[in-house]
Amino acid sequence: MSAINPLSNSPFDDLEYTDKTFSPLWTLPDLTDEEALLKWARETVEACEEYYGYYFQIQQDNLMLFRGIHWIMQDRYSNKWLDKQGILTRRSPRVVINHLYDFVEQWVSRLTRYRPAVAIYPASSEMSDSDDAKIAKDVLNYIWYQNNIDKYLQEFVRQVKIFGEAYLWITWNPNKGDLHPDWVQAQSQGYRIPVTGKDGQPVLSEKGEPLYIQKAIRIGEVEYKVVPPWHVFDMPCRNRDDIDWSIRWSSENVDYVKAKYPEKEDLIKPDDGMEVFSNRKLDIGKMKNECIVYELFHRSSEFLDKGRYIKFTKTAILENTDLPYQHGKIPYVYMNDIEVPDQIRGMSFFQQLYPLQFQVNACASLIYKSFVLMAHPKIAAREGSVNINQLVNDSTVVLYNDDVPSILSMPPVNGEMFNYINKLEATLEKLSGIFTMSRGQAPSGVRAAKALRVLEEQEDKRAYVTAVKYNEVALIDNARLSLSTMGSMADDSDGRLARILGKDNEYRVRKFKAANLAKPYDVRIENSTALSQSPAARIEELIELSQVRLDPDAPITRGQFINFLDMTADEQFKDIATRASRCAMSENDDMVSGIQVAEPTQDEDLITHWQIHMQITQGRDYKERMPEDRKLVIQNHLYVTEYLMYEKAYGLTDSFGMPVRMPNLAFRQQLELQCPNWPAFFRLPVPALPPMMPANPGAPMEATPIGPEAGGVVPSPIDTGAPVDAGAPTAPPPLPPQPPIE
């Protein structure tokens with residue numbers, strides 16, 4: 001019994017070949033000529049079917065290997081074995097130890113275990129661009145949250161490893177999203193919205209009456225799709241940078257297509273008798289009442305500046321417009337597993353591992369067969385000396401003539417067989433890049449947490465090339481296309497709101513405009529670390545973290561330290577310092593944008609707030625480019641914070657010198673250790689100096705003036721609403737000199 005071979009041809013043959021020809025799309029004299037355009041589209045599709053036919057067959061063979069179908073006589077849809085005539089049989093045991101499935105899932109887990117996190121930097125030094133970059137970051141988090149991007153990224157990586165390549169399409173779906181506010185208002189008031197044409201005028205029926213919209217109108221959303229690679233025809237060439245167009249196809253119900261394009265009803269027909277791939281027998285399912293719908297995306301190129309979008313079947317052109325996306329690119333991100341020189345499609349690591357996987361299956365099957373044949377005891381006796389009918393399992397009397405029969409005992413399986421299969425599995429792990437640590441098993445004899453962390457880091461280093469490729473494609477390119485798609489397709493009149501449900505802004509709802517997103521932002525990966533995956537290493541790391549004591553001169557706070565480790569996603573890890581750190585960073589974002597924030601209060605972690613707020617004043621943006629009115633917002637907030645810190649540390653007295661608030665000595669000590677630059681805006685009172693000795697020892701001593709008489713500013717207590725001695729209410733602290741606002 002032979003195995004399924006993913007390489008149906010010689011590995012030295014070129015799998016991508018066609019004897020058909022096609023011309024570039026821009027060579028057509030009139031792109032609006034539907035007859036000529038449809039002819040070009042059909043010829044191009046036929047050429048692509050032949051060009052990629054063998055390549056797609058290999059990908060479908062890999063899919064069967066992933067599913068565990070490794071033998072020709074193994075039924076593809078059930079766990080049964082067939083003989084050469086296709087009849088169910090049990091006589092030939094076959095075993096499949098599917099390491100390929102395990103390797104793929106481990107790679108998926110390794111690349112997608114961290115949530116996608118990117119940082120968006122402004123395109124210029126203008127403050128407006130900086131504000132728009134923050135809005136774009138919030139909107140991107142909203143898009144990814146609404147679409148559950150983790151699910152698509154997992155499928156994306158899975159297809160990369162199985163098929164050798166994967167496509168993540170990022171398009172605009174006008175039928176997704178919230179209901180349009182105009183539609184909601186019209187429905188609530190009993191109005192009906194007319195259908196308008198390209199000129200903005202109502203579309204009239206044959207009776208001259210306006211047609212009204214019968215379905216709900218939505219504002220539209222960004223849509224993600226991961227389709228198998230054989231659903232995509234890239235323009236045949238030898239370099240991916242030279243690809244001008246790509247065709248994506250899907251099987252649709254004919255009635256659905258007719259309802260969506262009623263003006264083409266007579267031309268839309270089911271593809272009866274037509275195979276998706278007319279010259280290749282691939283496992284592509286299609287019902288009789290379905291037709292294949294193709295979508296061609298042509299990027300903005302030298303001879304087709306606006307690009308092109310064409311949606312068609314083999315009998316009709318359904319849509320024919322300029323490319324609707326401002327980025328001017330084919331709206332997908334592409335990633336391959338193994339890059340093959342001089343080819344635009346990738347190769348899966350299955351092609352390298354399958355010979356070893358087949359040997360593992362063959363050895364396992366041979367071991368099983370040896371157990372079946374040799375596990376039962378064997379009796380050696382002279383012919384005719386034993387009554388064979390009496391050799392049963394029950395206790396009985398065995399009659400014999402002369403010689404006594406002997407029971408032969410031998411090992412059912414040679415030990416070398418197990419050594420060989422272990423060597424094969426070790427080689428499989430080496431070539432796949434998946435080792436015991438990735439599977440949650442510690443190597444033999446290794447139990448120390450630090451040693452486990454070293455081994456885990458070594459595995460991550462081996463996967464560095466693939467991880468960098470994944471970050472560049474699945475995160476950075478994905479973020480750019482998502483923002484550009486939203487910016488080019490969203491309409492400001494729909495009242496769109498980005499409900500920010502991320503880790504930083506659970507409570508915020510941000511309103512934005514399309515112009516905030518349609519900018520060439522610089523998108524980068526947010527590097528972060530996390531706890532180890534092994535339980536032993538994680539326990540030791542938690543113990544080490546609980547004993548962390550930062551130096552008072554450290555540039556970060558404990559809350560920021562926990563944030564940098566990316567462990568605050570767990571609610572149990574959000575201590576008060578972490579929450580104060582997040583709150584202060586959120587206030588920084590608003591104050592830099594010129595938005596007023598709530599005044600500081602005594603119940604805050606004032607030291608953490610002050611340290612994070614002061615970080616704004618240390619950058620060149622604050623010193624050189626920030627408007628004066630925004631500086632004033634930051635200075636006022638810091639002034640009040642510093643006054644509250646002074647009041648908490650040194651206490652508060654009324655005008656008669658009676659204590660209103662007792663000083664906090666522990667807080668004062670912490671303030672002196674952790675905030676050497678405090679205060680920055682609040683002026684401390686001038687301390688009392690010791691009396692100076694007069695030049696004439698016999699002359700009387702004069703007291704040194706302090707307080708307002710000495711030029712110092714004595715802070716007045718904040719008005720808390722409670723009366724003090726003599727019934728005089730307290731007053732707010734004096735503000736620093738305010739610069740004029742131009």
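**Figure 1. A five-stranded open sheet with antiparallel pairing.** The 5 strands sit in the order β4-β5-β6-β7-β8 and pair antiparallel. At the edges are β4 (232-234) and β8 (317-321), each of which pairs on one side only. From one strand to the next, the twist averages 15°. Two strands count as paired here if DSSP finds at least two bridges between them. Strands themselves are DSSP runs of E with at least two residues, helices are runs of H or I with at least four, and both are numbered from the N terminus. This is a predicted model, in which local features need pLDDT of at least 70 and side-chain atom pairs count only at pLDDT 80 or more, while totals for chains, interfaces and linings use all residues. Residues are numbered from 1 along each chain as its sequence is written, and side-chain values use heavy atoms, with hydrogens and water left out.

Figure 2. Over at β7 and β8, 4 bridges hold the antiparallel pair. Phe312 has Ile317 of β8 as its bridge partner, and a hairpin of 4 residues links β7 to β8.

Figure 3. Axes are lines fitted to C-alpha atoms (for helices, over the stretch in contact), and angles run from 0 to 180 degrees between N-to-C directions.

Figure 4. Strand β2 (residues 165-173) runs antiparallel to β3, and 7 bridges join the two.

**Figure 5. Helices α5 and α11 crossing.** The axes of α5 and helix α11 (residues 464-489) come within 12 Å, crossing at roughly 145°. The crossing of α5 and α11 is right-handed; in general, a crossing is left-handed if the near helix is turned anticlockwise from the far one by less than a right angle, and right-handed if clockwise. On the α5 side, the contact is made by Ile149, Leu153, Phe156 and Val157, and on the α11 side by Tyr470, Val473, Ala474, Leu475 and Asn478. Contact means heavy atoms within 4.5 Å. Sorted by class, the contact of α5 with α11 has 8 nonpolar residues, 1 polar and no charged ones. Ala, Val, Leu, Ile, Met, Phe, Trp, Tyr, Cys and Pro count as nonpolar, Asp, Glu, Lys and Arg as charged, and the others, Gly among them, as polar.

**Figure 6. Asn147, in the loop between two helices.** Asn147 lies in the loop between α4 (127-146) and α5 (149-163). Is Asn147 buried or exposed? Asn147 is buried, at a relative accessible area of 7%; buried means under 20%, exposed over 50% and partly exposed in between, using a 1.4 Å probe and protein chains only. Leaving aside neighbours within four places in sequence, Asn147 is in contact with Tyr152, Lys176, Val222, Glu223 and Tyr224. A polar atom of the Asn147 side chain lies 3.4 Å from the backbone oxygen of Val222.

**Figure 7. Gln60 in helix α2, with the whole chain for context.** Gln60 is found in helix α2 (residues 53-67) and is buried, with a relative accessible area of 6%. The C-alpha atoms of Gln60 and Phe163 are separated by 7.8 Å, although these residues are 103 apart along the chain. Zooming out, the protein chain has 18 helices and 16 strands, and buried residues make up 42% of its 742 residues.

Definitions and conventions:
Polar contact = N/O pair within 3.5 Å; in protein donor to acceptor, adjacent residues only side chain to side chain.
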